[in-house]
Amino acid sequence: MKDINTVYELLLYADRHYAERDFCRFIRDEALMSRTYKEFIRDAVSVARFIRSRGNRHIHIGFAGITNYEYIACLTGMILSGNTVIPLSPASDEAEASYLINDGDIEILFCDGSFTGTAEKIRERCPALKEIISLGDRSFFEGIFREYRTEGLSPEEFSVDPDKCALIIYTSGTTGNKKGVMLSNRNLAVNSTYDTYRMSEGDVSLSILPMHHIFCYACDVLKTLYDGGTLCLNGELSELFKNFHIFEPTVMRIVPAIVRTVLTRIKIAQRRNPDFTPRQAAESVVGKNLRQMIAGSAFLSAALIDEMSKYSITARQGYGMSECSPRITTSDFSDCCKYSNGILLGTDEVRIRDGEIQVRGPSVMLGYYKRKEETEAAFTEDGFLHTGDMGYIENNHIYLTGRKKNIIVLSNGENISPETIENSFSDNTEIKEIIVFAKDDRICAEIYPERDVTRERIEEIILSVNRLSPAHMQIEEFFIRETPFNKTSTGKIIRQEFLYKE
């Protein structure tokens, strides 16, 4: 890890080491395009100068748009400008967008065509919002890139306090109550400049997750800037399997649902081509070079890891949260702890207290925006962040066992993690979603099954899982629902909404 404490210093590092390499590749007008590190840095700096040209007063800037090259250049430039940036999902409706703009004290909102209609509807509901800048088509960015372009980087021009808030990420976790996680330049830089895992020259990463999530921006954009690899932007998820063969990635960061989808496609290819070796079947789906998949956001089962390995694809998981910028661990591609939730980065102190994982160090957030009491409650007296996750550390790896607030305590004193039970069903394709809970001192489950799966079949599945589980962790009663559970924007079920429904 180098002494890099701001995003600007990270750009200086990248410019010094990788200037002429391809940083980003993307598809534009059906053609494969690329931008070097030098070009990307120049474009980000141009945006920063454009922002600063509008005044020297520190402001909160909102930014909503679909993920493309201009988006990541613009978001990086906004951070460079020294202001506080608040990314919004382009899928936010009028009510949610108004709440975030008001709570985040956004004064200027930049948005592309995917969000402009919503933005115009919220003016009256957001009195502090002074200006909406519609980015229109690419000519807006191209004009900025051209007008504010200069060669070279001046350390004095973008000197900022590394510990002031640079980015506010609104997260609801699984509670449904959105709050702004304040991240500094130091948080972002340190959390992206670790050496526990690094891409190599020639590594190509395929990015498929939305950039308004810190997991995607920090892990795909900032980490790539440090490592010197090449980042490819997938665009629409429906284009994924076509783009595998265009970009030929070596690694990608995904959620477990995507791993399952990829595995299904590979198995179909193998059935249709019985002469294929397992690796040939994989290459027909994901291209010739994909070797590693890094999973986050949800549980990646051991069975899924083992299945992917049959096709020479190493799937591993990391662990983190927005409050930690976001990584607490990173994927370990060795075999020693392949079923763990990743190896510690080495940038922060991580400890276990009363079964809870707690973190202290330069990756940990400044606090929750305008929420003093919640911020104070988030930390221990000696400055460690309560992650709310239960687990243990072994051989420098973290193993998660569940969420502290979700622990079920039965009258006989047994403490049960519902996630442990739920994860037992993660590889069953007939049960799409499940929540385990306690009712009248009994372990119960509510299940959203695949269409046409009968109650009798669900009972068989539960009995088969129960046979492998201790008596106190066996499901005694289950309920079937006809609709999916409500979820966060990252696909996590909002458990508390279900548990406390009237």
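How many bridges join strand 19 to strand 20? Six, and the two strands run antiparallel. Strands here are DSSP runs of E with at least two residues, helices are runs of H or I with at least four, and both are numbered from the N terminus. Two strands pair if DSSP finds at least two bridges between them.

Before going on, this is a predicted model, where local features need pLDDT of at least 70, side-chain atom pairs count only at pLDDT 80 or more, and totals for chains, interfaces and linings use all residues. Residues are numbered from 1 along each chain as its sequence is written, and side-chain values use heavy atoms, with hydrogens and water left out.

Back to the strands. Strand 20 covers residues 397–403, and Arg-403 there is the bridge partner of Asp-389. Two residues lie between the strands in this hairpin, and Asn-395 takes a positive phi near 55°. Strand 19, residues 385–394, also runs antiparallel to strand 17, residues 356–360, through three bridges. In that pairing, Val-359 stands opposite Leu-385.

Now the helices. The axes of helix 1, residues 7–18, and helix 3, residues 69–80, come within 9 Å and cross at roughly 120°. Axes are lines fitted to C-alpha atoms, for helices over the stretch in contact, and angles run from 0 to 180 degrees between N-to-C directions. Helix 1 is therefore oblique to helix 3; under 35 degrees counts as roughly parallel, over 145 as roughly antiparallel, 65 to 115 as roughly perpendicular, and the rest as oblique. Val-7, Tyr-8 and Leu-11 of helix 1 meet Thr-76, Ile-79 and Leu-80 of helix 3, contact being heavy atoms within 4.5 Å.
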